[in-house]
Amino acid sequence: MATITVRNLDDDLKARLRILSAKSGRSMEEEVRIILRDALTKPRNGGLGSRIRERFAGVDEAELELPERKDTPRSANFDS
């Protein structure tokens, strides 16, 4: 088994870890092992597009009214 040391941990983060581990009845060290194991073994949900689609999956489709185009299309001018 490997050992790691985490330096410069924020006091607030350490306090939150202490509270979380106490609520679950584990040592802080065991809580960190569980957090790391969960973070590194759970499969990712895909790319950004997949995550956005998943987040808004329950939202009903909305009808958007497109404004009427009044100007005629023109070509892009890249000369500045």
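**Figure 1. Nonpolar patch on the surface.** Ile4, Val6, Leu9, Leu13, Val32, Leu36 and Leu40 make up a nonpolar surface patch, and their accessible area comes to about 660 Å² together. The model shown here and in the views that follow is predicted. With 3 residues, helix 2 is the element that gives the most to this patch. Val6, one of the patch members, is located in the segment before helix 1 (11-24). The relative accessibility of Val6 is 58%, which counts as exposed.

**Figure 2. Asn8 and its backbone angle.** Asn8 belongs to the segment before helix 1. Its phi is positive, at about 60°, although Asn8 is not a glycine. For residues other than glycine, phi is negative in most cases. Asn8 has a relative accessible area of 79% and is exposed.

**Figure 3. Salt bridge between Glu31 and Arg26.** This pair belongs to a set of 3 salt bridges found in a search of the whole structure. In the bridge between Glu31 and Arg26, the closest N and O atoms lie 2.9 Å apart. Arg26, with a relative accessible area of 34%, is partly exposed.

**Figure 4. Salt bridge between Glu29 and Arg33.** The side chains of Glu29 and Arg33 form a salt bridge with an N to O distance of 3.0 Å. Both residues are in helix 2 (residues 28-41), and because they are 4 residues apart there, about one helical turn separates them. Glu29 counts as exposed, at 56% relative accessibility. Arg33 has a relative accessible area of 37% and is partly exposed.

Figure 5. Which residue does Arg33 meet in a salt bridge of 2.5 Å, N to O? The partner is Glu30, through its side chain. Arg33 and Glu30 are 3 residues apart in helix 2, so the separation is about one helical turn. Glu30 is partly exposed, its relative accessible area being 24%. Salt bridges link Glu29, Glu30 and Arg33 in a network.

**Figure 6. Arg53 in helix 3, with Ile35 for reference.** Arg53 is found in helix 3 (residues 48-55). At a relative accessible area of 69%, Arg53 is exposed. How far apart are Arg53 and Ile35, in sequence and in space? They are separated by 18 residues in sequence, and their C-alpha atoms are 26 Å apart in space.

**Figure 7. The whole chain, as context for the close-ups.** The protein chain contains 3 helices and 0 strands, and its pattern along the sequence reads α-α-α. Its radius of gyration is 25 Å, whereas a compact globule of 80 residues would have a value near 12 Å. Along the principal axes, the C-alpha atoms fill a box of roughly 70 × 40 × 25 Å. Of the 80 residues in the protein chain, 5% are buried. The protein chain exposes about 8700 Å², of which 51% is supplied by carbon and sulfur atoms.

Methods: Residues are numbered from 1 along each chain as its sequence is written. Side-chain values use heavy atoms; hydrogens and water are left out. A salt bridge is a side-chain nitrogen of Lys or Arg within 4 Å of a carboxyl oxygen of Asp or Glu. Buried means under 20% relative accessible area, exposed over 50%, partly exposed in between (1.4 Å probe, protein chains only). Helices (H or I, at least four residues) and strands (E, at least two) are DSSP runs, numbered from the N terminus. Patches are made of residues with over 30% relative accessible area and no salt bridge: like charges are joined within 9 Å, nonpolar side chains (Val, Leu, Ile, Met, Phe, Trp, Tyr) within 5 Å. Accessible areas come from the Shrake-Rupley method with a 1.4 Å probe; for residues, only the protein chains shown count as cover. The radius of gyration is taken over C-alpha atoms; the globule rule is 2.2 Å times the number of residues to the power 0.38.
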